[in-house]
Structure formats: C-alpha cells, structure tokens
Amino acid sequence: MIKVGVFGVGHLGKFHLNNWREMQNVQLVGFYDPSDTTAKEVEENYGLTRYKNPDDLLKAVDAVDIVSPTPYHFELCAAAIRKGKHVFVEKPLANTMAEAKEIVKLVKEAGIKLQVGHIERFNPALLALNETALNPMFIEVHRLAQFNPRGTEVSVILDLMIHDIDIILHLVKSDVRSISANGVAVMTDTPDIANVRIEFHNGCVANLTSSRISMKRMRKMRIIQREAYISIDFLEKKTEIIKMQTEQVQGQFSFDIETNNGKKTIAIIHPKVPEENALKLELQSFIESIEQQRPTQVDEMDGYRSMEVAHQILQKIQRNQPVV
C-alpha cells in the first residue's frame, strides 16, 4: 500500500483526489493547500485530513502528487525529493529551465521515481495506436480552447501546446534541428495564441497551433508517414488510419485506386479505442512504477525536454514581436 499526499486541491486537484480514492493499492493520507476556503471544502466533502505544514505531510507519505500552480512546482518537488519521496507533478515540470535542470539532478541523486503529468500520453485515442508502427514525417496539430483564467500564470505554450510537444518528441525519434514561431498576447501578458514549426534532423516537420481564446474546442493531431495518414481526436476519443495495403481484408472498409504504379488498395481502419480514464491511468502507472521498481512512463527527462522546446519557442516568439 503506497501512502500518497496531495499538494494543491483546487479545480484540478479535486479530480486527482477522486481518482486516488478509487485505487485499492493507495492510501490517501491527506492534503496541503494554503487556501482556507478550499481546504474547508475538501475536508467536508472528502473527509480528508488537512496538513497546514507541507513538511508534516511529507513525513507521513511515501509519494506526493503536486497539483499546485506552476510557480510552486520546484519548491514542492525539491522538498519531497530531498526527503526521498516519489513525485508525481503536473505539467510543466517547473517554472524555469534552471528549476527543471535542478529537479533532474535531484531525482538522479535521490534515486526516487518522478512522473510528469502529461496526461495526453494516456489518452485512449493515442493508446489505440499502440499496435501501429509510427514513423511520422509530417505532423499537424490544432489544440484550441475557450478562455479560462485558470492556468494563465503561464503562456499558452506551457499551458496547452506542451501536451503536443511532449507527444511529438515521444513519437519522432530524432533531435530538433530548427524552430520557427509566432505568437500573440491577447487576454494576458503572455502569448495566448501561437503557431509553431519544428523541423527534426530526420526530416520530419511538425506544425502546431495552440489557442486559449478560441470560440470552440479542438484537440486534433494528424500524422503523415510512408503510405499512411493517421488522425487522432483527443477530445472526441476517435482514431482513424488511412493506409495503402497489398490486399483487402474482410470486414475492413477498403477501395482500389489506379496510380502510376498500378492498382493500390486503400484501407480505412478505425482501431478500437479503449474506454479508459486517462487521469486514473497515469496515476496508476506512477504507482506501479514505484511498486515494480521500473521507470515512469513520462519521467523527469521527458518533462525537461518538453520544457526545453517550449522555452525555445517562447524565445523565438519574443524575438518576432513587432516594435511598437
């Protein structure tokens, strides 16, 4: 039984609490939150113990779940790691690259497990492709959200686009060659909408558009690779593969086309999308990595690399700002 404490029980933190309470191999010890109003609500609705001192909660647990605003990630992560506690921390890993680098160093020295909450890695629409060979050469992403004051302490790059940066770095087995980026601050002091082009050394190109001032919600990724087009809808939990194959398969929708190289069979495949709770899956994965002494699925280096690309994007946007 792994004893877990939660740091930050605001809007997102409550989702975490709900999922922790459903896990049989976890004992939810209590929580820390500086807000008396939020803490009172959680005490009454969840029957959980509030710890007013973070150190006291750290002493009582084996692992922590950090769901605080990003500027507090480093302080809480560092305190937990130095006490030998395993850490689950919501994305992004930290507020600055210096903080992220120090967390990576502390994890290595302490030998604990750390997982970053890049929840889209556990989205059922992406999991549906686990048996599909992916070798992307072009990726197009649109992640659009309606404006919400929550999360605006960071830019849209670190708030929304970092989800897709993490997935792309995970899928493209190559280093980044160059980045082009433009962004505009509309509702906040940091970019609220951005368009980015990432080129990799293996020739893959990724175009990403993220906005938190859209009139509609969209979370789609399209992957183009040799003889295949793959569409992932993270919001609607739908996945489609359109690919060329040598012959028709019974029960699968396909049709023939004539090309310069003769007749080709085009198949349209809808892989089975598992009915899974992505948040519960990633928290359970974190616990299993502790129990089984195996690496976490999204470790501190994954979190660091995503942040590194995100900050490079922010630097490019800053350089491209018009002179007023």
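This is a predicted model: local features need pLDDT of at least 70, side-chain atom pairs count only at pLDDT 80 or more; totals for chains, interfaces and linings use all residues.
Local features need pLDDT of at least 70 and side-chain atom pairs count only at pLDDT 80 or more, while totals for chains, interfaces and linings use all residues. Residues are numbered from 1 along each chain as its sequence is written, and side-chain values use heavy atoms, with hydrogens and water left out.

Visitor: How many residues of the protein chain does the globule rule take, and what is the radius of gyration?
Guide: The secondary structure comprises nine helices and 15 strands, which are DSSP runs numbered from the N terminus (helices: H or I, at least four residues; strands: E, at least two). The globule rule, 2.2 Å times the number of residues to the power 0.38, goes with a radius taken over C-alpha atoms. For 324 residues the rule gives 20 Å, so the chain is as compact as a globular protein of that length, with a radius of gyration of 21 Å.

Visitor: Is His-311 buried or exposed?
Guide: His-311 lies in helix H9 (residues 300-319). Buried means under 20% relative accessible area, exposed over 50% and partly exposed in between, with a 1.4 Å probe and protein chains only. Because its relative accessibility is 17%, His-311 counts as buried.

Visitor: Which residues is His-311 in contact with, leaving aside its neighbours within four places in sequence?
Guide: Contact means heavy atoms within 4.5 Å. With those neighbours left aside, the contacts of His-311 are Asn-95, Thr-96, Met-97 and Leu-158.

Visitor: What share of the contacts in the protein chain with a separation of 6 or more joins residues 24 or more positions apart?
Guide: The count takes in contacts with a separation of 6 or more. Among these, residues 24 or more positions apart account for 67%.
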